[in-house]
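Open the model in your viewer and keep the selection tool ready. Each stop says what to pick and what you will find there.

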Amino acid sequence: MMFTLALCILSVHALLVNAQKPLRPRDDQPPLQTLTIPLTLTDDRKYLVGINMSPGPNVQGFHFAVTTGTGYSMVVGDSCDSCDVSVQGYNQSNSTTAQSLNTGQEISLAGASASGNVIQEDCSLNTTISSAPWVYPNQSIIVANQSDSLFSSGMSGVFGLGTNGLENDFNSTVIAGWLQRNPTQSNFSYGMMINGPEDSQSDGGVLHWIAPDVNAYDSANVVWKDMAPMDSSSFNSTGLTYDFYVTMDSWTLTVANTTLTKMNLVTLLDPLLTSTIFPQEEAALIYATVPGAVPVSSTSAGAVTASSSAISNAWSVPCDASLQVAFTFGNLTFVMDETSLVRHENGQCFGTIEEWRLQSATEHLLGSTFIAKMYLMFQISGSAKGAVGFANRKSSGAKNTMSTGAIVGITIGSAAFVGLIVALGAFLFFRRRQKRSDARHERDISTVKEMPGLDPYLLGTEEQYTPGMTSQTTSPRSAPSPYQSVRGQQPVSPYNHTIVVSDSATVDPESPPPYLSNSPTSGNREEGGSVVVTGQYAGPAVMIGPPPEDRKRPRRDM
C-alpha cells in the first residue's frame, strides 16, 4: 500500500515537471508556439491585422487586409495621390531599416489593383499580447504609389498569405521568410477562425499563427485537400490571379422538394471577399428554385456587393426566401441556410451566392460568409506545395485553452483518484480472503441440524427462553452412552430434556416428538398451563450453544 502511494506521488511530480516544459516534435525540431493574431472587421467587411514597420522611436503602424489572393504584402505610400486620402501612408524617409530594391510590382485583387516600388523593411505583427508582437525582419513590401480602388477607409495595406506561384516569386512572401529563418521546419502553418461578416461590428476573429490551435477545432476529424497550382489549363478567365485552388467534392441545394448536386469543383478560398461566387449556369439553377429571384447587375446591387462588384453579379431574392446549400469536403459537410444565404440590406434582400460576371468562368470562390462556418488550416512549404485543412469548430473555440494551473489541478486530482481506486481494491481483496478463511474454518466444525421448534443454541444451558420454547439439560455431558454417531463413528451422549412445548399443546404418549429417542416419560399439564414432555435426545455428542470463554477459537493467520 505504501509502495502504491509512493508511486502515485512520483507520477504526480513527473507530470507537474513536464507540464512546465513545451512539447517538442518527435524529430526534435524546435517547439512551435501558437500566436493569436486578432482580426478587426471594417465597415466594408475586410479583415485587418495590425502591422508595425520601421521599429524604434519612429515606428509606423498600419492595418493590412488579410487575403489568400496574393503572396505579396503592400502598404499605402505617403505619396500615393490615387489612394484613399483617409488612410495613413508609409513614409520611407522616416525609417532607418528600409532598403530599396529598385524594382516595381503590381497586384490585382477582386478586380481592384495597385502598384509601386518594392523595399525590404523590418516589420512586426500584433498579437493578443501587446508587448509580444511577432517580428519578421527584411520583409519584401510593395509601397503603393498608385491604386485603382484597392484601398478603403481604415485599410492601409495588404497582408498576402498566398504563395506567388503565378509570379514564381515565393521568396517574397511572409511564409518564405519564416522558413528561411527556421531551416529545420518543413512547412509553415496557420489556422483561420473568423467571425461572420454579419455577426460582429468590429471583432473579426483570429488567426492562429505559426501553428493552428488544437483547442479551437475538432482535431479528430480534419479533411486535408492538396493545393493545386493555377495554370493556363485550369485558370478560366475569372480575372483573378490566385496561386492555388482545392477541389470541393460537391455542393447540394435543397429547397422544398428539389435537390440539385454538382461534384468535383475547382474552388478558391479568400476572406477578402464576402460572397460565394458560382459559375453563371450553376447560380441560375439555384435561383430558379426560389420564386421571385432575379439577377441584379453589380452596379445596381450597390454596397451589397461592394467587395466583389467588379467580378460578380448578385441576385435579388424575397426576404422570406427559404433554401439550403451543403458544401462537402471529404467526409465533412458544411450547411448554409437562409440565415447565411440571404442578406438584408436597406430594405432589400440579396443572395450571398453570386455569379461570375464572365460567362466563361467555371471556378467556385468561397468568401468570408462561408469560411466563418468552419476552421481552416493552411500548411505551405513552397510556391506550389501545401494543403488546406477543413474542420468543425469547437463550440467555444480557443477560449477552452487550459492554463498550467488547471492542468496541475487535473493532474493532482487524477493521481488522488487513482490512489483511492488502488486502496479500495486492496481493501476488497483482503476482505474477500478473510471471508474465504472464515468459511473454511466453519466447515471444519461439525454442525447440528436444527430441530423442529427448538433453538439449538439453548441446549446445554439453564437459561429460560420466554415466550416459546425452553430446554434444560438434566444429565451431565460425561455420562456414558451406548449410542454411536453416524459421522465418523464418534460416541453420542444421551440427554434428558424437559421440553415446554406450548401453553395448550396435547402430547400423545404413543407419538413422541422426533427429537426424543423414546416415549415421553410424562405429558402432564403443569400449573402454568404448559405441557411438559421428558425424554432422551440421541443427537451427536457435540457442544451446542456459545463456546465457553476459555475455549475461544484462535484467529488463523493469513
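This tour of a predicted model goes from the disulfides to a hairpin, a helix, the nonpolar cores and one serine.

**Stop 1: the disulfides**

How many disulfides are there to find? The count comes to 2. Number the bonded cysteines in sequence order and the pairing reads 1-2, 3-4.

Select Cys80 and Cys83. Their sulfur atoms sit 2.0 Å apart, and the two residues form a disulfide. Look along the S-S bond: the torsion for Cys80 and Cys83 is about 80 degrees, so this disulfide is right-handed. Cys80 is buried, at 10% relative accessible area. Cys83 is buried too, at 5%.

Now select Cys319 and Cys349. This pair also forms a disulfide, with sulfur atoms 2.0 Å apart. The torsion about the S-S bond of Cys319 and Cys349 is about 105 degrees, so the bond is right-handed. What does the pair tie together? Cys319 is in the loop between strand E17 (312-316) and strand E18 (324-329), while Cys349 is in strand E21 (residues 348-351), so the bond links parts 30 residues apart in sequence.

Colour the pair by accessibility. Cys319 is partly exposed, with a relative accessible area of 41%. Cys349 is buried, at 3%.

Before you leave the cysteines, select Cys123. Buried or exposed? Cys123 counts as buried, because its relative accessibility is 3% and the buried class covers values under 20%.

**Stop 2**

E20 and E21 pair in the antiparallel sense, over 4 bridges. Glu345 stands opposite Gln348 of E21. The two strands form a hairpin with 2 residues between them. Click Asn346 in the turn: its phi is positive, about 55 degrees.

**Stop 3: a covered helix**

Select helix H2 (residues 174-181). The helix is mostly covered, with 6 of its 8 residues buried. Show the side chains of Val174, Ile175, Ala176, Gly177, Trp178 and Leu179, the buried residues of H2. What do they pack against? Their partners are strands E4 (73-76), E7 (134-148), E8 (157-160), E9 (188-194), E10 (203-210) and E24 (375-382).

**Stop 4: the nonpolar cores**

Go to the largest nonpolar core, which has 75 residues. Start with Val49, Phe159, Trp209, Phe327, Phe329 and Phe390, the members with the most contacts inside it. Then select strand E13 (residues 244-255), which supplies the largest share of this core, 6 residues.

Centre on Phe327. Leaving out residues up to four places away in sequence, Phe327 touches Met248, Ser250, Trp251, Thr276, Phe278, Leu332, Thr333, Phe334, Met336, Leu366 and Phe370.

Another core, of 20 residues, lies apart from the largest one. Its members include Tyr72, Val76, Cys80 and Phe151.

**Stop 5: Ser95**

Finish at Ser95, in the loop between E4 and strand E5 (99-109). Ser95 is buried, with a relative accessible area of 12%.

Which backbone nitrogens lie 3.2 Å from a polar atom of its side chain? One belongs to Thr97. The backbone nitrogen of Ala98 also lies 3.2 Å from a polar side-chain atom of Ser95.

Not counting residues up to four places away in sequence, Ser95 touches Ser54, Tyr90 and Glu121.

Conventions:
Residues numbered from 1 in each chain as written. Predicted model: local features only at pLDDT ≥ 70, side-chain atom pairs only at ≥ 80, totals over all residues. Heavy atoms only, no water. Disulfide = S-S within 2.5 Å. Buried < 20%, exposed > 50% of the residue type's maximum accessible area, 1.4 Å probe, protein only. Contact = heavy atoms within 4.5 Å. Core = buried A, V, L, I, M, F, W, Y, C linked by side-chain atoms within 4.5 Å. Pairing = 2+ DSSP bridges. Polar contact = N/O pair within 3.5 Å; in protein donor to acceptor, adjacent residues only side chain to side chain.
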